[in-house]
Amino acid sequence: HLSIRRQRQMCIRDSLQVVVGDRICRVMGHVGMLNLEANVTGMQCRPGDPVLIPVNPLDLKGMEVEYR
């Protein structure tokens with residue numbers, strides 16, 4: 001699991017990152033409502049693998065949130 005400090009660092013706009021599996025990947029382009037592009041070079045991942053996207057709750061206007 002990622003520490004709170006690391007999650008906060010990932011939310012910084014200049015270095016937006018996502019977690020694929022257990023690895024942190026840099027976002028390569030725009031993050032949209034339906035897609036994003038992340039650098040997964042050299043990783044063992046497939047389409048449909050879960051991705052954790054750290055989001056500031058104040059930015060979730062109009063989005064349904066599902067907590068698991």
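Predicted model: local features only at pLDDT ≥ 70, side-chain atom pairs only at ≥ 80, totals over all residues.
Across the protein chain, the mean pLDDT is 77. A score of 70 or more is reached by 76% of the residues.

**Overall layout**
- The protein chain contains one helix and three strands.
- Along the sequence, these elements follow the pattern α-β-β-β.
- The protein chain has 68 residues, and 15% of them count as buried.
- Take the contacts between residues at least 6 apart in sequence: 27% of them join residues at least 24 apart.

**The sheet**
- The three strands form an open sheet. Their order is β2-β1-β3, and the pairing is antiparallel.
- The edges belong to β2 (23-26) and β3 (51-52). Each has a single partner strand, so one side of each lacks a neighbour in the sheet.
- Strand β1 covers residues 17-20. Four bridges link β1 to β2 in the antiparallel sense.
- Gln 17 has Arg 26 of β2 as its bridge partner.
- In general, strands of a sheet pair through backbone hydrogen bonds.

**The nonpolar core**
- The largest nonpolar core has six residues. They are Leu 16, Val 18, Val 20, Cys 25, Val 27 and Met 43.
- Val 20, a member of this core, also has contacts beyond its neighbours within four places in sequence. Those partners are Cys 25, Val 40, Met 43, Cys 45, Pro 50 and Val 51.

**The cysteines**
- The structure holds zero disulfides.
- A disulfide needs the two sulfur atoms within 2.5 Å.
- Seen from Cys 45, the closest cysteine sulfur is that of Cys 25, again at 6.9 Å.
- Is Cys 25 buried or exposed? Cys 25 counts as buried, because its relative accessibility is 3%, and the cut-off for buried is under 20%.
- Cys 45 is partly exposed, with a relative accessible area of 27%.
- Both Cys 25 and Cys 45 are in contact with Val 20.

How values were computed: Residues numbered from 1 in each chain as written. Heavy atoms only, no water. Buried < 20%, exposed > 50% of the residue type's maximum accessible area, 1.4 Å probe, protein only. Pairing = 2+ DSSP bridges. Helix = DSSP H or I, 4+ residues; strand = E, 2+ residues; numbered from the N terminus. Core = buried A, V, L, I, M, F, W, Y, C linked by side-chain atoms within 4.5 Å. Contact = heavy atoms within 4.5 Å. pLDDT = per-residue confidence, 0-100.
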